Amino acid sequence: MSILVVAEHDNNEIKGSTLNTVTAASEIGGDVSVLVAGSESSSAAEQASKISGISSVIHVDDPIYKNFLAEDLGNLVASIAEGFNYILAPATTFGKNFLPRVAAKLDVQQISDIISVEDPDTFKRPIYAGSCIATVKSNDSVKVITVRTTAFDASLMSDSSVTVNPGDVVDSLNNSSFVNDEIAESDRPELTAADVIVSGGRALGSSENFKIIEALADKLGAAVGASRAAVDAGYVPNDYQVGQTGKIVAPSLYIAIGISGAIQHLAGMKDSKIIVAINRDEDAPIFQVADYGLVGDLFEAVPELTDSV
Amino acid sequence: MKILVPVKRVVDYNVKVRPLSDNSNVDLNNVKMSVNPFCEIAVEEAVRLKESGQATEVVVVTVGGDESQEQLRACLALGADRAILAQSEGLLEPLAIAKVLTKIVESENPNLVILGKQAIDGDNNQTGQMLAAMLDMPQATFASELKIEGDNAVVTREIDGGLQTISVNLPAIVTTDLRLNEPRYASLPNIMQAKKKDLSVQNVSDLGIDVSDRTSILSVELPPTREAGVMVDSVEELVEKLKNEAKVIT
């Protein structure tokens, strides 16, 4: 069995999602190779070569891969796919964007967002916003899979490194171009990697009021999240959204403040280890998944909590 | 400019879906069905492009059974001009749906295809990207803003770290994220008018493509439930529990 993991990176560093995906690959079992496709990305390739449990790194470096545009990355991965039984990528916006193109090129039905490997052909994945878990068997000879990163531990890094082999560039389709990124700079931990998350909902009422969420987060060294309602209302940017269509998180501690707990939000956070809910409405569905619930006025409770932790 | 909008009939987003008692699949008996919310956003965006004079025709298409006509009519009531039902037996997988849509795109020749980024039943997030690959077209997924500038679509995309803007040559495939727009409600006159709009039916079996299932669902179960928690009476008690019982803060 040979498995190709497509690494998510920023041309300098490997992202944590890559390490979770390698673990999923190891659970399938076989020879794991990691593809690092980027531009001026030698340091990312070198870092990838130190991931425990892999047998080689394929490094393809060209300006056309600088921004990981789906057209060129998809064609590259499809061209490398021959000889591999499995192609894996993290189920982040990076992997979701290009991997279905690879599956289409290979005439394979992709299995999205797996949360466990049952056997080499069979996987579990959430459907209907996590209301149900389906056990799905793939009958394709090649498996193309995205991996829910919170469902697999991160692979460790080792002191030794495996060989880095250069790979061939595939001619660009030249039909898409990068304009710009607006990536939020923050001193807080990244949402999907944070050990503690403080999330706010519509009950905060304004972006000004959201500062009490941020103050608690900073006291706890936590990341800040939000419900869809809070993002739609413009209190915080889109990349704060936790839920079915936003980020999937599973921190040690998730504090949901003024979030009612729609199933679409629960889908993104219910695998957290400890969930705390603070809400004025004692019937809010969030309390059904919370380990600790506090009914009360968040504008009193949150500052008090910030002062006492 | 002609816009094609593929849509999907799915369980309404308010329905709490449960497995069948034999766990063979989900129980869809007597549940409310709707247009997938992301598809509604796609229809809305296309209709707005027509209303602003940038598009000339909006065609909606779905792949499914006869019952999907209901969702096509709903899209016509939102402002689409005509509809195509690619009639299939049973529900197709995203790969097969993308193959059917490829045939429709080849015969309709739209300048732009807008579709939802995912359907809220399978949560696969595949069809748009697969369609783009089969047609060798550029794609702009997870769109929160779409502007037509000459022969290009300039699209702002919602990505994990924030926002990314790309420019794709037309014809292109765009998939919608939640904040692209807020879909309108169909007015009663528009619902009445939609009944008279053209809805053509094609049979998927006539398209000469392989739409067989590549995966099998072995079982569908409820996710593990969380143990019931406790309610605390004060912030003080909460902090005490988090420190000494859960040991998640120090």
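Predicted model: local features only at pLDDT ≥ 70, side-chain atom pairs only at ≥ 80, totals over all residues.
Strands β8(B) and β9(B) form a hairpin in which two residues lie between the strands. Strand β8 covers residues 152-159 of chain B and strand β9 covers residues 162-169. The two run antiparallel and are joined by eight bridges. One of the paired positions is B:Val155, whose bridge partner in β9(B) is B:Ile166.

β8(B) also pairs with β7 of chain B, which spans residues 139-149. Here six bridges join the strands, and the direction is again antiparallel. B:Val155 in β8(B) stands opposite B:Leu146, and B:Ile166 is the bridge partner of B:Val155 in β9(B). β7(B) and β8(B) form a hairpin as well, with two residues between them. In the turn of this hairpin, B:Gly150 has a positive phi of about 65 degrees. Strand β8(B) is mostly covered, seven of its eight residues being buried.

Among the buried residues are B:Gln129, B:Met130, B:Leu131 and B:Leu135. B:Gly128, B:Ala132 and B:Ala133 are buried too. The surroundings of the helix come from both chains: the buried residues of α4(B) pack against α4 (93-106) of chain A, and against α3 (94-108), β6 (112-116), β7 and β10 (172-176) of chain B. After the helix comes B:Asp136, which has a positive phi near 50 degrees.

The two chains also meet in a sheet. This open sheet has six strands in the order β13(A)-β12(A)-β14(A)-β15(A)-β16(A)-β13(B), and the pairing is parallel. The edges are held by β13 (223-226) of chain A and β13 (230-232) of chain B; each has a single partner strand, so one side of each is left without a neighbour in the sheet. From one strand to the next, the twist averages 20 degrees.

Within this sheet, strand β14 of chain A (residues 253-257) is joined to strand β15 of chain A (residues 274-279) by five bridges, and these two run parallel. A:Tyr254 stands opposite A:Ile275 in β15(A). Two helices of chain A pack on the sheet. Helix α5, residues 211-220, touches β12 (196-200), β13 and β14 of chain A, and its direction makes about 175 degrees with that of β12(A). Helix α8, residues 298-308, touches β14, β15 and β16 (292-295) of chain A, and its direction makes about 135 degrees with that of β15(A).

Chain B can also be described as a whole. Chain B has six helices and 13 strands. The C-alpha atoms of chain B fill a box of roughly 65 × 45 × 40 Å along the principal axes. Of the 250 residues in chain B, 55% are buried. Among contacts in chain B with a separation of 6 or more, 70% are between residues 24 or more positions apart. The accessible surface of chain B is about 11,000 Å², and carbon and sulfur atoms account for 47% of this surface.

Note on methods. Residues numbered from 1 in each chain as written. Chains lettered and ligands numbered in written order. Heavy atoms only, no water. Helix = DSSP H or I, 4+ residues; strand = E, 2+ residues; numbered from the N terminus. Buried < 20%, exposed > 50% of the residue type's maximum accessible area, 1.4 Å probe, protein only. Contact = heavy atoms within 4.5 Å. Areas by Shrake-Rupley, 256 points an atom, 1.4 Å probe, with all protein chains shown as cover. Pairing = 2+ DSSP bridges. Axes fitted to C-alpha atoms, helices over the stretch in contact; angles between N-to-C directions.
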